[in-house]
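Hi,

Here is the structure I said I would pass on. Have a look at it first, and then read on for what turned up.

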Amino acid sequence: MSIPADWRLRIPAIAAPMFIISTPDLVLAECKAGIVGAFPSLNARPLAQLDEWLTQIAEELAAYDASDPPHPAGPFAVNLIVHKSNDRLESDLELCVRHRVPVVITSLGARPDVNAAIHGYGGIVLHDVIDDTFARKAIEKGADGLIAVAAGAGGHAGRLSPFALVQEIRRWFSGPLALSGSIATGGAVLAARAMGADVGYIGSAFIATREANASDAYKEAIVAAKASDVVYSSLFTGVHGNYLRSSIVNAGLDPDNLPEGDVSTMSFASGTLSKAKTWRDIWGCGQGIGVIDKVDTVADVVDRLEREYVAALEAVNREARGATSYTSAGR
């Protein structure tokens, strides 16, 4: 596995940074459960709050590790939007450098200067991509690893099969690789690794948790929905993403007849999107929601993921032993 050995993850998983939803309560619960917790820097508003959040997370995780050294927390990550319209990028990056954020996830562009700043203190940069072309550009510009955002992922998702995307990237790249797209079980995490990824990248499973900064209605809608209730549209931000059908209907729109959006209208000015209701009332989610049947704590979700991961691994090992015996007998 090409992720850092000192991460000491309970299971090979990163909790995706989700706009509005991921705040310190969720991130800390994810890290303490033994996986990587993450949040978008733009969730902290105003800017001064980002400084406070980074201090809170670092101090609380350090205290947690000191209280139980054999079972350390997972590292935390901050997601930076490097799109040119994000007028907070430089300030957010400065705070990440000052606080020595261990992992930075970059989105919507790749910039060598951002990567160099993170590398300057020993941080790791993972860049999310939707195809092989963007993956190559990200590594050329200095990213350490990639997050393959495949079809079925929540939020701004790609169109490619996870098989196709991982296969193409692994033909030339052997560094850290996370896979996003409908991963909501431990078995799916193991499948991601079998395909060639190092870790599963999980978002929607953590929306329906008590620690998530989402409304009760949003959480219950996740529980009630399944893959066929997810709509892929560019209307809301100008970039194609996956959203809950019920939230689109509740907003008075026809989910089966949505016009195309215009990426030129996207704006991150002052940390908000140009479409004020996007992510608040139009709810993003991935296609893996069909296995989410209740609102739970993060600890319970990770417990379930671990049980499923171990069970799937044991089943694969049993099959492998059986195949070996069958082959030997056949000879």
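Let me start with serine 180, which sits in strand β7, residues 177-180. Bear in mind throughout that this is a predicted model. Serine 180 has a relative accessible area of 8%, under the 20% cut-off, so it counts as buried. Leaving out residues up to four places away in sequence, serine 180 touches Ile147, Ala148, Val149, Ala150, Ala153 and Tyr201.

Next, the helix pairs. Two packed helices are described by the angle between their axes and the distance between the axes. For α1 (residues 24-32) and α2 (residues 47-67), the angle is about 25° and the axes are 11 Å apart. An angle under 35 degrees counts as roughly parallel, so that is the label for α1 and α2. The crossing of α1 past α2 is right-handed. On the α1 side the contact uses Pro24, Val27, Leu28, Cys31 and Lys32, and these meet Trp53, Gln56, Ile57, Glu60, Leu61 and Tyr64 of α2. Sorted by class, the residues of this contact come out as 8 nonpolar, 1 polar and 2 charged.

An α-helix has 3.6 residues a turn, so residues three or four places apart point the same way.

How much of α1 is covered? The buried ones are Pro24, Leu26, Val27, Leu28, Ala29, Glu30 and Cys31. Just after α1 comes glycine 34, with a positive phi of about 105°.

From the α2 side, isoleucine 57 is worth a click. This residue is in helix α2, and at a relative accessible area of 0% isoleucine 57 is buried. Apart from neighbours within four places in sequence, isoleucine 57 is in contact with Pro24, Val27, Leu28, Phe39 and Phe76. Phenylalanine 76 is 19 residues from isoleucine 57 along the chain, and their C-alpha atoms are separated by 8.1 Å.

The other pair is α3 (residues 89-98) with α4 (residues 112-119), packed at an angle of about 20° with axes 9 Å apart. That makes α3 and α4 roughly parallel as well. Their crossing is right-handed. Leu89, Leu93 and Val97 of α3 meet Val114, Ala117 and Ile118 of α4. By class, that contact has 6 nonpolar residues, with no polar and no charged ones.

On to the cysteines: how many disulfides does the structure hold? The count is 0. Cysteine 96 is in no disulfide, and the nearest cysteine sulfur, belonging to cysteine 31, is 14 Å away. A pair of sulfurs would have to be within 2.5 Å to count. Cysteine 96 is buried, at 0% relative accessibility, and cysteine 285 is buried too, at 1%.

Most residues other than glycine have a negative phi, and most peptide bonds are trans. Which peptide bond is cis? The one from arginine 45 to proline 46, with omega near 5°. Proline 46 is in the loop between β2 (37-40) and α2.

As for phi, isoleucine 20 has a positive value of about 70° although it is not a glycine. Isoleucine 20 lies in the loop between β1 (13-15) and α1, and at 25% relative accessibility it counts as partly exposed. Leucine 108 also has a positive phi, near 60°, and is not a glycine either. You will find leucine 108 in the loop between β4 (103-107) and α4, where it is partly exposed, with a relative accessible area of 30%.

With residues up to four places away in sequence not counted, asparagine 213 touches Ile20, Ile21 and Thr23. Asparagine 213 lies in the loop between β8 (199-202) and α8 (216-224) and is partly exposed, at a relative accessible area of 41%. Histidine 240 is 27 residues from asparagine 213 in sequence, and the two are 23 Å apart, C-alpha to C-alpha.

Cheers

How values were computed:
Residues are numbered from 1 along each chain as its sequence is written. This is a predicted model: local features need pLDDT of at least 70, side-chain atom pairs count only at pLDDT 80 or more; totals for chains, interfaces and linings use all residues. Side-chain values use heavy atoms; hydrogens and water are left out. Axes are lines fitted to C-alpha atoms, for helices over the stretch in contact, and angles run from 0 to 180 degrees between N-to-C directions. Helices (H or I, at least four residues) and strands (E, at least two) are DSSP runs, numbered from the N terminus. Angles under 35 degrees count as roughly parallel, over 145 as roughly antiparallel, 65 to 115 as roughly perpendicular and the rest as oblique. A crossing is left-handed if the near helix is turned anticlockwise from the far one by less than a right angle, and right-handed if clockwise. Contact means heavy atoms within 4.5 Å. Ala, Val, Leu, Ile, Met, Phe, Trp, Tyr, Cys and Pro count as nonpolar, Asp, Glu, Lys and Arg as charged, and the others, Gly among them, as polar. Buried means under 20% relative accessible area, exposed over 50%, partly exposed in between (1.4 Å probe, protein chains only).
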